[in-house]
Amino acid sequence: MPKRWNPVGVPAPIGNYSHVATVPENTTLVFVSGQVGNLRDGSLAGPDALSQTRQVFANLWSVLDEFGATPDDVVKLLTFVSSTEHLPGFFAARDEVFAEWYPDGDVPAHSLAVVAALATPELTVEVEAVIAVRGDARA
């Protein structure tokens, strides 16, 4: 399980993230491409950031499951939101998921960028992840 903390010499996080995360020995880092709000059949979960973000985290859960990992194995997240107007929906869904995934508040390192656009115009949120898998990472 990654160790997460906020060093004394830096200001407290301005959001729901940790400043630093390290991984234990005998783990393999798995880099997960940006997940978007598409359902398994390829259709969009909904037109808004709330529904798309919920689906993004459902997709990340599927990736974790593929490796026998859990949210505790997430080291770092990188989120792209396609406009500031989508931030409230993203934050609401992220906070719902984090309350379930990290009830003790031990959240991963996480960066967020507001960008001009994502791969297709209807996408509002994309999240990349780095996970630490114990032992061999071949699923």
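In this predicted model, the side chains of R4 and D106 meet in a salt bridge, with an N to O distance of 3.5 Å. R4 lies in strand β1 (residues 3–5) and D106 in the loop between α2 and β5, so the pair ties together parts that are 102 residues apart in sequence. R4 is buried, at 8% relative accessible area, whereas D106 is partly exposed, at 23%.

The search of the whole structure finds 4 salt bridges; three of them are tabulated here.

| Pair | N to O distance | Relative accessible area |
|---|---|---|
| R4, D106 | 3.5 Å | R4 8%, D106 23% |
| E96, R54 | 2.7 Å | E96 39%, R54 38% |
| R94, D95 | 2.9 Å | R94 7%, D95 36% |

The bridge between E96 and R54 links helix α2 to helix α1 across 42 residues.

L87, G89, F90, A93, R94, V97, F98 and W101 are its buried residues. Seen down the axis of α2, they fall within an arc of 155°, so they line one face of the helix. On the other side of α2, P88, A99 and E100 are exposed. The buried residues of α2 pack against α1 (49–66), β4 (74–81), β5 (109–114) and β6 (125–134).

The largest nonpolar core has 24 residues, of which F57, L60, L77, W101 and V125 touch the most other members. Two or more residues each come from β3 (27–35), α1, β4, α2 and β6, and α1 gives the largest share, 6 residues. Beyond its neighbours within four places in sequence, W101 is in contact with F57, L60, W61, L64, P71 and D72.

Conventions
Residues numbered from 1 in each chain as written. Predicted model: local features only at pLDDT ≥ 70, side-chain atom pairs only at ≥ 80, totals over all residues. Heavy atoms only, no water. Buried < 20%, exposed > 50% of the residue type's maximum accessible area, 1.4 Å probe, protein only. Helix = DSSP H or I, 4+ residues; strand = E, 2+ residues; numbered from the N terminus. Arc of directions from axis to C-beta. Contact = heavy atoms within 4.5 Å. Core = buried A, V, L, I, M, F, W, Y, C linked by side-chain atoms within 4.5 Å.
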